[in-house]
Amino acid sequence: MMAELSCDSGTSEVHMARLVLLLGFLAAASALVAPLPAPAMQSRLAVSRVAPAPMMAEPEGKSIVIGAAAAGGIIGVYLFHELSTGVLLAVALAYGATLSNKFGEISKSTGTVAAKAYSKTLELNEQYDLVPKAKTALDTASTAAANLDKNYGITAKIDDQLKISQAIDKATAKVDEVKSSVSDKLTDLKAKSETA
C-alpha cells in the first residue's frame, strides 16, 4: 500500500509539475499577445467620418528623380535666394538620383521623401478639399484688407510718412533721363557713322 501511495504521489507530482509548466507557458504566451482595446464609447465624436488611410506605396523610378529635382530646386532657392542656384541644385540632385554611389543614395532618399510628401499632399487635398478652402480664405482676407485700406487709407498714410511715391517718381524721372541721354548718343553715333 505504501508503494502504491508513493507511486501515486510521484505521479501526482509529475502531473502537478506538468500543469505548472503548462500554465507558465500559457502566461508567457499571453504576455506576447497585444491587449484587446477597451470597448469604445458610442458617441458622435468617437465615430470618425474619415476612412482610414491605406499604406502609401513606395515611389519608384521617375517619381524619385522628379522628387529629388524638386527638393533640390526648393533647397537652392530657399538657402541662396537665387533661381539659378535652385536650378543647379535641382539638376545635380536629379542626376544624383540616377547614380549608385553615396551621393546617389542621398539623392534617392531625398527624392523618395519629396515624392511621398507630394503624394500625401495630393491625398489630403483630395480628402479635405484644401485648395478651394485656402483660396476662399485668401480671397476673404484680401477683400477684408482692401476694404480696410479703402475705409481707413492705410497705404496713403504709409506713403505720406515714407514718401514712397515721391521716391518712385524721382527714380522714374532719372530712368527717363538716362534713356533719353542714351538714345541721343546713339542717334549722334548713327549720324556720324552714316556721314563717314
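Predicted model: local features only at pLDDT ≥ 70, side-chain atom pairs only at ≥ 80, totals over all residues.

Three helices, α5 (130-152), α6 (154-162) and α7 (164-195), each supply at least two residues of a nonpolar patch, and the largest share of that patch, three residues, comes from α6.

**Nonpolar surface patch**

- The patch on the surface is formed by Leu148, Tyr152, Ile154, Ile158, Leu162, Ile164 and Ile168, which together have about 680 Å² of accessible area.
- Ile168, one of the residues of this patch, lies in helix α7.

**Packing of α5 with α6**

- The axes of α5 and α6 cross at roughly 65° and come within 6 Å, with Leu148, Asp149 and Tyr152 of α5 making the contact with Ile154, Thr155 and Lys157 of α6.
- Sorted by class, the residues in the contact of α5 with α6 are three nonpolar, one polar and two charged.
- Leu148, Tyr152 and Ile154 take part in this contact, and Leu148, Tyr152 and Ile154 are also listed among the residues of the nonpolar patch.

**Packing of α4 with α5**

- The axes of α4 and α5 come within 7 Å and cross at roughly 75°, and the two helices are therefore roughly perpendicular to each other.
- On the α4 side the contact is made by Leu124, Asn125 and Tyr128, and on the α5 side by Leu130, Val131, Pro132 and Lys133.
- By class, this contact of α4 with α5 comprises five nonpolar residues, one polar residue and one charged residue.

**Packing of α3 with α4**

- Helix α3 (residues 83-96) packs against helix α4 (residues 102-128) at an angle of about 110°, their axes being 7 Å apart; because angles of 65 to 115 degrees count as roughly perpendicular, α3 and α4 are described as roughly perpendicular to each other.
- The contact involves Ala92, Leu93 and Gly96 of α3 together with Phe103, Gly104 and Ser107 of α4, and by class it has three nonpolar and three polar residues, with no charged residues.

**Salt bridges**

- A search of the whole structure finds three salt bridges, and one of them pairs Glu58 with Lys116, with the closest N and O atoms 3.0 Å apart.
- Glu58 lies in the loop between α1 (2-32) and α2 (62-80), whereas Lys116 lies in helix α4, so the pair ties together parts that are 58 residues apart in sequence.

Key: Residues numbered from 1 in each chain as written. Heavy atoms only, no water. Axes fitted to C-alpha atoms, helices over the stretch in contact; angles between N-to-C directions. Helix = DSSP H or I, 4+ residues; strand = E, 2+ residues; numbered from the N terminus. Parallel < 35°, antiparallel > 145°, perpendicular 65-115°, else oblique. Contact = heavy atoms within 4.5 Å. Nonpolar A, V, L, I, M, F, W, Y, C, P; charged D, E, K, R; others polar. Patch = residues over 30% accessible without salt bridge, like charges linked within 9 Å, V, L, I, M, F, W, Y side chains within 5 Å. Areas by Shrake-Rupley, 256 points an atom, 1.4 Å probe, with all protein chains shown as cover. Salt bridge = Lys/Arg side-chain N within 4 Å of Asp/Glu carboxyl O.
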